Amino acid sequence: MSQPAAPYTNPLIRQRADPHITRHTDGRYWFTATVPAYDRIVLRRADTLQGLAGAPEHTIWRRHDSGEMSAHIWAPELHFVDGAWYVYFAAGRAEDPWAIRMYVLRNVSPDPLTGMWSELGRLRTPWDSFSLDATTFAHRGTRYLAWAQHHPQRENNTSLFLAAMDTPWSITGTPVEISHPEFDWETVGFKVNEGPAVLVREGRVFLSYSASATDANYCVGLLTADAGADLLDPASWTKSPRPVFCSSARNGQWGPGHNSFTVAEDGVTDILVYHARDYRDISGDPLRDPNRHTRIQPLGRHPDGTPDFGEPVPDGPVAPAASGRYRYTMTGFTQGGAEGLLVADSADALHFTPLPGAGYTPPAGLLRDPSLLRHTDGHYYIVYTTGWEGDTIGFARSGDRLRWRHLRDHRLRVPGLVRTWAPEFFRDEDGSIHVIVSLDTTGDHRFTPHVLTATGGSLTSWTEPQPMAGLDGSNYIDTCVIRVDGTYHAITKQENTKYLEHATAPALTGPYTVEGTGDWAGWGSWVEGPSLVPLDGGGWRLYYDAYRDGAYRYSDSRDGLRTWSAPRELPGLSGTVRHFSVLREEM
């Protein structure tokens, strides 16, 4: 069952820590988490992730009055295994609350809100020591249990262990320790590895976990194993030397962790589920502070296929996940350029939906012609025109495509520079980042495309602009460049004739040979703002602003940019948006 992903709002559910969300085979979502009273296990059900926020909460089990399972009811997880529902959770004893051990409940009813929950007792391990946070997963025909436990031979609080299971409530064989606290960020306050969660993607098994005390130092680490490796061999696992998810002062999120993974409504996009507080300083014991709220956000992916956790997003709307293999993000502006940034996304490069709450207005000047880049640091950057006249281009950055922060206005030191228009990001095959910008040094609206190259990873220092040979002196503006099979292709507006022309070169700075002039592609004249994006299955789509007609159009090529389909009007946004760029990301 698949449907478009819906927008989300954080926090999703307040005062629910250690959240676990699973999507059942019928497409419905199930939620459970630790409640602040530590006295019961609750479930919610909804058709969408956001629907969990307002779904009724059902108590399915309460703690005992004494003995086992009578205190500190922590970290429940709901799993459907071999036709029955199981809840794994941790609990202490009323007379000894810190005698934490792992326990299992079972319900054989198809609906876990009906039928009887039976207690299967303690999930036993070879050591009778502090243990919690059990999770289970199946891989290559074997069901495994992962959990956190105090290792009697280590001077720490908890390590991570893995074992095969012979039933959904018991392990078999000898457990193996796959991680213990060793880095500084794993040992702040307490020496902790806990809260394992498993995601199998891209031929690898990823196991996230949480580390350090449950205050602002709480963070997430990551273990990785090859999918074909022996998971019960500790040597199969490698640990990230740095946390992959931690507090964000900028976004007002503190102590994110104890995550789980689920999938968005589109059935494709991975969703990160976690808790965090919206303040740093805690009075007293963090475990007595109730405000660890459940939050969700799309989980990205680095170019090497590893999960990109990003940073915990601010409270408020969260950009929805896109359906399908790719996500296309558009950044543009509305008439005039004083109204700020417009951001929309699409799963098919055709039907774009504005993101809820997205926007940016620069501290001074205009915002026109915004071009979008996803950098290797995980952030999104735009570069844009700052004014009708002047010698600067503007830069802004965002972690989630919704909330943008002005970075700087970069001054181009070119003699006689009067106008600096239409900057465009270009990432070359070697990873270098460039900006292509149209400069007028004559004062009479005669433009030459120039190239700036980033000299550092922060995108704050750039080379001096270099003219693009072959396009200089001929009044070209709005230049978009792609590289195909070693050749640089530029689609650029000939300002004298108002047509989009096609030029090629062996290097980014030229020399360019103009190969398509006039109405060579059938796009007509009085057009500008070209943006090229690769299509799923091959080929390219060109978007352009038919500004005299008040329309935005698109046209496709499947033969290496030689011929193009008849232009069609872009649905939804045509007539409202101006000069946009489109970024494709693999999901």
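**Strands and rings**

Modeller: Happy to. Let's start with a pairing: Thr135 has Ala146, in strand 11, as its bridge partner. Keep in mind that this is a predicted model, where local features need pLDDT of at least 70, side-chain atom pairs count only at pLDDT 80 or more, and totals for chains, interfaces and linings use all residues. Residues are numbered from 1 along each chain as its sequence is written, and side-chain values use heavy atoms, with hydrogens and water left out.

Biologist: Thanks! How many bridges join strand 10 to strand 11?

Modeller: Seven, and strand 10 (residues 131–139) and strand 11 run antiparallel. Strands here are DSSP runs of E with at least two residues, numbered from the N terminus, and two strands pair if DSSP finds at least two bridges between them.

Biologist: Which residue stands opposite Leu145 in strand 12?

Modeller: That's Ala163. Strand 11 pairs with strand 12 (residues 159–167) over six bridges, in the antiparallel sense.

Biologist: Is strand 11 mostly covered or mostly open?

Modeller: Mostly covered: six of the eight residues in strand 11 (residues 142–149) are buried. Buried means under 20% relative accessible area, exposed is over 50%, and partly exposed is in between, with a 1.4 Å probe and protein chains only.

Biologist: Changing topic, how many aromatic pairs are there?

Modeller: The count is 29. Rings of Phe, Tyr and Trp (its six-membered ring) pair if their centres lie within 6.5 Å; planes under 30 degrees apart are stacked, over 60 edge-to-face, and the rest tilted. Take Tyr38 and Trp74: their ring centres are 5.8 Å apart with planes at 80 degrees, so they pair edge-to-face.

Biologist: Where do Tyr38 and Trp74 sit in the chain?

Modeller: They link distant parts, 36 residues apart: Tyr38 is in the loop between strand 3 (29–34) and strand 4 (40–46), while Trp74 is in strand 6 (residues 71–81).

Biologist: Are Tyr38 and Trp74 buried or exposed?

Modeller: Tyr38 counts as buried because its relative accessibility is 5%, and Trp74, at 9%, counts as buried too.

Biologist: Nice. Which charged end sits over the ring of Trp254?

Modeller: That of Arg280, 5.8 Å from the ring centre. The rule asks for NZ of Lys or CZ of Arg within 6 Å of the ring centre and within 35 degrees of the ring normal. Arg106 also lies over a ring face, that of Trp169, at 5.2 Å from the centre.

How values were computed. Helices (H or I, at least four residues) and strands (E, at least two) are DSSP runs, numbered from the N terminus.
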